[in-house]
Amino acid sequence: MQKSFPAMVIDSVDGRTMGAFREISVEELPDYDVLVEVAYSTLNYKDGLAITGKGRIARRTPMIAGVDLAGTVVESRSPKWQTGDKVVLNGWGLSETEWGAYGRYQRVKAEWLIRLPDGFSMQEAMAVGTAGYTAALCVDALEKWGTVKPGSSEVIVTGAAGGVGSVAVALLAAQGYNVTASTGRPETHDYLAFLGATGFVDRASLQEKGPPLQKERWTGGIDSVGSSTLVNILAQTVRGGAIVACGLAGGADLNGTVMPHILRSVALIGMDSVVAPLEQRLAAWKRLERDLDKEKLRKMTTVEPMSRLPQLAEDIIAGRIRGRVVIDVAST
């Protein structure tokens, strides 16, 4: 085992947090029960904010970035895990309050890990990553709400060409939903149609200020944008429908009214994937194994070396990333 390794570390620079590569020793890692050799991680919007310093993600510094990992247990003081076990970790405060995945090794708490699902390689599991796992949680929540049915009126996915959106489109289409994709990039329409989208909405039309109640269109939806986009799709949701909100790429504000909720019984369901309980996590991964077509997963995925993280972070914040980016942690 290497005594030291390069890691993407968030630190304070002139009053702001930014990421840069530096050497970390194994002895510096947290004193948690399970040491994992990380094979792959992912690039999420949150990772982009952390590395570029355009959002204060790390709540303490220094902080190793990276919210997802797939790897192999090297050492364990927990009876839950043995040397050689293949594991996946999503969330649990990695890169915010706990050291994350952008380094060859990490020590983590035993309860944060789940076993690598049988249907995925480690690289494929990270192609899913937090974004895909969150999308699965959102689809589960829509179906549990009970009024959103396959083959009925349209279901909208905002930020559709991004990580959450891409997997959400594919999962919903696999269950027979009539999926409309909202995106500001017309060049992604063929890609989204391949994933299963049957209609498109220009994201600009959902960013304009509209009346509190608009023409009913969406039976349900999954929103990763927030702000005026979320306000508008709530105003366009049919009576008894539901929208699951899981992101704020467009802003954290919600300058709407209660009218869709009290006059049309529209539900706004929040989805936090970071500390979701084990039962929900396992159900989400089971859905991904069952419903996520491997060819579609390959279509939405690129694999990049960890050395490219600084540029990739800029790209995801600027909206230049399509689908999912897997980070090969061994390639520095």
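This is a predicted model: local features need pLDDT of at least 70, side-chain atom pairs count only at pLDDT 80 or more; totals for chains, interfaces and linings use all residues.
Ser-265 itself is found in the loop that runs between α6 and β14, the latter covering residues 267-270. With a relative accessible area of 46%, Ser-265 is classed as partly exposed, because this class lies between the limit of under 20% for buried residues and that of over 50% for exposed ones. The C-alpha atom of Ser-265 is separated by 8.7 Å from that of Val-238, although these two residues are 27 residues apart along the chain.

Together with Met-259, Ile-262 and Leu-263, Val-258 makes a nonpolar surface patch of about 360 Å².

Turning to the sheet, three strands are arranged in the order β2-β1-β4, forming an open sheet in which the pairing is antiparallel. Its edge strands are β2 (16-25) and β4 (63-64), each of which pairs on one side only. Helix α1, made of residues 45-52, packs on this sheet and touches both β1 and β2, and its direction makes about 90° with that of β2. Between β1 (residues 4-13) and β4, the antiparallel pairing extends over two bridges, and Val-9 stands opposite Ile-64 in β4.

Methods
Residues are numbered from 1 along each chain as its sequence is written. Side-chain values use heavy atoms; hydrogens and water are left out. Patches are made of residues with over 30% relative accessible area and no salt bridge: like charges are joined within 9 Å, nonpolar side chains (Val, Leu, Ile, Met, Phe, Trp, Tyr) within 5 Å. Accessible areas come from the Shrake-Rupley method with a 1.4 Å probe; for residues, only the protein chains shown count as cover. A salt bridge is a side-chain nitrogen of Lys or Arg within 4 Å of a carboxyl oxygen of Asp or Glu. Two strands pair if DSSP finds at least two bridges between them. Helices (H or I, at least four residues) and strands (E, at least two) are DSSP runs, numbered from the N terminus. Contact means heavy atoms within 4.5 Å. Axes are lines fitted to C-alpha atoms, for helices over the stretch in contact, and angles run from 0 to 180 degrees between N-to-C directions. Buried means under 20% relative accessible area, exposed over 50%, partly exposed in between (1.4 Å probe, protein chains only).
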